[in-house]
Each structure stands twice: as structure tokens, then as C-alpha cells.
Amino acid sequence: MNEVAEQLFLTVDTIKFHRRKLFEKLAVRSMIEAVVLANSYSLL
């Protein structure tokens, strides 16, 4: 998350906030679940 925050010129807290909102919208609880969901829709 630190690298993402640096590259986007945002704070780590902002990245965590957006990740949490994304997880809510996708109805997942972890990055692994998000990756599996993305893979099931052929997004990866």
C-alpha cells in the first residue's frame, strides 16, 4: 500500500479507505476474494 500511495501522491489512509469501499461494493472481505472474483469475470 505504501508504494501505491507514493505513486498516486495519496496517503496510505486514503488507499485503505478506497480499498475498503471497493471490498464493500464487490461483497468481498479480502484481497484473495477480490482477485478470485476478478478472475471469474476474466478481468485478470
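How many positive and negative side chains does the protein chain have, and how far apart do the centres of the two sets lie? The protein chain has 6 positive and 5 negative side chains, with 8 Å between the centres of the two sets. The structure described here is a predicted model.

**Overall fold and surface**

- Along the sequence, the protein chain shows the pattern α-α-α.
- The C-alpha atoms occupy a box of roughly 30 × 20 × 15 Å along the principal axes.
- Of the 44 residues in the protein chain, 14% are buried.
- The protein chain exposes about 4000 Å², and carbon and sulfur atoms account for 59% of that area.

**Loops between the helices**

- Phe 9 lies in the loop that joins helix H1 (2-8) to H2.
- The phi angle of Phe 9 is near 55°, a positive value in a residue that is not glycine.
- Phe 9 counts as exposed because its relative accessibility is 76%, and the cut-off for that class is over 50%.
- Ala 27 is placed in the loop between H2 and H3.
- For Ala 27, phi is near 60°, which is likewise a positive value in a residue other than glycine.
- With a relative accessibility of 66%, Ala 27 also counts as exposed.

- One salt bridge is found in a search of the whole structure.
- Glu 24 and Lys 21 form a salt bridge, in which the closest N and O atoms are 3.7 Å apart.
- Glu 24 and Lys 21 are three residues apart in helix H2, so about one helical turn separates them.
- Lys 21 has a relative accessible area of 34% and is therefore partly exposed.
- Arg 19 is located in helix H2, which spans residues 12-26.
- The relative accessibility of Arg 19 is 34%, so this residue counts as partly exposed.
- When residues up to four places away in sequence are not counted, Arg 19 touches Met 1 and Met 31.
- Arg 19 and Leu 43 are 24 residues apart along the chain, and their C-alpha atoms are separated by 17 Å.

- A nonpolar patch on the surface is formed by Met 31, Val 35, Tyr 41, Leu 43 and Leu 44.
- Together, the residues of this patch have about 590 Å² of accessible area.
- Met 31, a member of the patch, is also one of the residues that Arg 19 touches.
- Val 35, another member of the patch, belongs to helix H3, which covers residues 31-40.
- Val 35 counts as partly exposed because its relative accessibility is 40%.
- Leu 37 is likewise placed in helix H3.
- The relative accessible area of Leu 37 is 26%, so Leu 37 is partly exposed.
- Apart from neighbours within four places in sequence, Leu 37 is in contact with Leu 26 and Val 28.
- Leu 37 and Leu 26 are eleven residues apart in sequence, with a C-alpha to C-alpha separation of 8.3 Å.

How values were computed:
Residues are numbered from 1 along each chain as its sequence is written. This is a predicted model: local features need pLDDT of at least 70, side-chain atom pairs count only at pLDDT 80 or more; totals for chains, interfaces and linings use all residues. Side-chain values use heavy atoms; hydrogens and water are left out. Helices (H or I, at least four residues) and strands (E, at least two) are DSSP runs, numbered from the N terminus. Buried means under 20% relative accessible area, exposed over 50%, partly exposed in between (1.4 Å probe, protein chains only). Contact means heavy atoms within 4.5 Å. Patches are made of residues with over 30% relative accessible area and no salt bridge: like charges are joined within 9 Å, nonpolar side chains (Val, Leu, Ile, Met, Phe, Trp, Tyr) within 5 Å. Accessible areas come from the Shrake-Rupley method with a 1.4 Å probe; for residues, only the protein chains shown count as cover. A salt bridge is a side-chain nitrogen of Lys or Arg within 4 Å of a carboxyl oxygen of Asp or Glu. Lys and Arg count as positive and Asp and Glu as negative; His and the chain ends are not counted. The place of a charge is taken as NZ of Lys, CZ of Arg, CG of Asp or CD of Glu.
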